[in-house]
Amino acid sequence: MSRFVVRFMKDVLGENGREAEICQSSLEIDAENEGDAKELAKRKFCETQSLCDWSLHADRIQVKAADFPS
């Protein structure tokens, strides 16, 4: 298994009227591949946020292999 860092990102407007990218949540996931990590993270994000769909709080998901030991 590999470890991945999965981030749920959202674009919001700042006080100055400019768009900013905000990380809504970041999770470390152990999975076989990026696709599995993404699906596991979606479920965990929904559970912790009490959501039926992750896209209610985020616009996109970033998945990167963790470059640090656990």
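In strand S2, the bridge partner of Arg-3 is Asp-30. The model is predicted, so local features need pLDDT of at least 70 and side-chain atom pairs count only at pLDDT 80 or more, while totals for chains, interfaces and linings use all residues. Residues are numbered from 1 along each chain as its sequence is written, and side-chain values use heavy atoms, with hydrogens and water left out.

Strands and helices here are DSSP runs, numbered from the N terminus: a helix is a run of H or I with at least four residues, and a strand is a run of E with at least two. Two strands pair if DSSP finds at least two bridges between them. S1 and strand S2 (residues 19-31) are joined by twelve bridges and run antiparallel. Another position in this pairing is Val-6, whose bridge partner in S2 is Leu-27. The hairpin of S1 and S2 has five residues between the strands, and Gly-17 in this hairpin takes a positive phi near 85°.

S1 also pairs with strand S3 (residues 60-65): six bridges join them, and the two run antiparallel. Here the bridge partner of Phe-8 is Ile-61 in S3. In a regular strand, side chains alternate between the two faces of the sheet.

The next topic is the aromatic residues. A pair of aromatic rings is described by the distance of the centres and the angle of the planes. Rings of Phe, Tyr and Trp (its six-membered ring) pair if their centres lie within 6.5 Å; planes under 30 degrees apart count as stacked, over 60 as edge-to-face and the rest as tilted. The structure holds two aromatic pairs. One of them is formed by Phe-8 and Phe-45, which are stacked at 4.1 Å centre to centre with 10° between the planes. This pair links distant parts of the chain, with Phe-8 in strand S1 (residues 2-13) and Phe-45 in helix H1 (residues 34-49), 37 residues apart. Phe-8 and Phe-45 are both buried, where buried means under 20% relative accessible area, exposed means over 50%, and partly exposed lies in between (1.4 Å probe, protein chains only). Together with Trp-54, Phe-8 and Phe-45 form one aromatic cluster.

Helix H1 also holds Lys-42. Its side chain is joined to that of Glu-39 by a polar contact of 3.2 Å; a polar contact is a pair of N or O atoms within 3.5 Å, and within protein one must be able to donate a hydrogen and the other to accept it, while residues adjacent in sequence count only if both atoms are side-chain atoms. Leaving aside neighbours within four places in sequence, Lys-42 is in contact (heavy atoms within 4.5 Å) with Phe-8, Trp-54 and Ile-61.

Back in strand S1 lies Lys-10. Is Lys-10 buried or partly exposed? Lys-10 has a relative accessible area of 23%, so Lys-10 counts as partly exposed. Not counting residues up to four places away in sequence, Lys-10 touches several residues, including Ala-20, Gln-24 and His-57. The C-alpha atoms of Lys-10 and Arg-60 are separated by 6.7 Å, although these residues are 50 apart along the chain.

Last comes the chain as a whole. Along its principal axes the C-alpha trace spans about 45 × 30 × 15 Å. Of the 70 residues, 27% count as buried.
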